[in-house]
Amino acid sequence: MNKQERDELIKEIKKSFEEAKKEMGFKASLEELDDVFFITEYILHEGYVGEEFPHQVCSRIRDSLNAWANYLHGLLMPNPQYLVNLTESKLINEEDRKAVWDLLKGAFALTSLNSLYGLTKEKKQGAEFIDDSLEFWKKKFKPGLVKIMKKVNKGWSE
């Protein structure tokens, strides 16, 4: 994709985002979502703005949450055939396990809300998913991940 095509696609992303925001009523800005979920980068990589742009945004948010949830799940229930999972699982204590479970519950509550939105197409649920995901990330998920990842990193460094 050349610079002109990229610039045109970015304009289309911004326009579609503002239309979706107005239509659905969510509060998050594109900049806030990009800072956490890399919406623009994802769409640039895909090379197009989808017909159902709000679903494209929600899918990216869902995929981000699920990627971390899968990692956290491996800390709680490591694959016995994967040495990395087994090692990292041993680096966290019982208190950490409870914190990881709490993070997982929050992520799965959100991803199931996204699934419900996908089934019902109710704009209010989509808006709630977008805003709640951003808030959850900022207030709980990222701080929890940082705490866990510091322990994992320290364990690998020793």
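At 55% relative accessibility, lysine 11 counts as exposed, where exposed means over 50% relative accessible area, buried under 20% and partly exposed in between (1.4 Å probe, protein chains only). Helices (H or I, at least four residues) and strands (E, at least two) are DSSP runs, numbered from the N terminus.

The model is a predicted one, in which local features need pLDDT of at least 70 and side-chain atom pairs count only at pLDDT 80 or more, while totals for chains, interfaces and linings use all residues. Residues are numbered from 1 along each chain as its sequence is written, and side-chain values use heavy atoms, with hydrogens and water left out.

By the salt-bridge rule, the count comes to 9. Among them is the pair of lysine 140 and aspartate 102, with the closest N and O atoms 2.6 Å apart. This pair links distant parts of the chain, 38 residues apart: lysine 140 sits in helix α7 (residues 123–157) and aspartate 102 in helix α6 (residues 94–120). Lysine 140 is partly exposed at 35% relative accessibility, and aspartate 102 is partly exposed at 32%. Another bridge joins arginine 62 to aspartate 63, with 2.8 Å between the closest N and O atoms. Here arginine 62 is partly exposed at 26% relative accessibility, as is aspartate 63 at 32%.

Turning to the chain as a whole, the secondary structure comes to 7 helices and 0 strands. The C-alpha atoms fill a box of roughly 50 × 35 × 25 Å, taken along the principal axes. Of the 158 residues, 40% count as buried. Among contacts (heavy atoms within 4.5 Å) with a separation of 6 or more, 66% come from residues 24 or more positions apart.

As for the surface, the protein chain exposes about 9,600 Å², and carbon and sulfur atoms supply 53% of it; accessible areas come from the Shrake-Rupley method with a 1.4 Å probe, and for residues only the protein chains shown count as cover. Helix α5 (residues 83–89) contains valine 84, which has a relative accessible area of 30% and is partly exposed.

Definitions and conventions: Salt bridge = Lys/Arg side-chain N within 4 Å of Asp/Glu carboxyl O.
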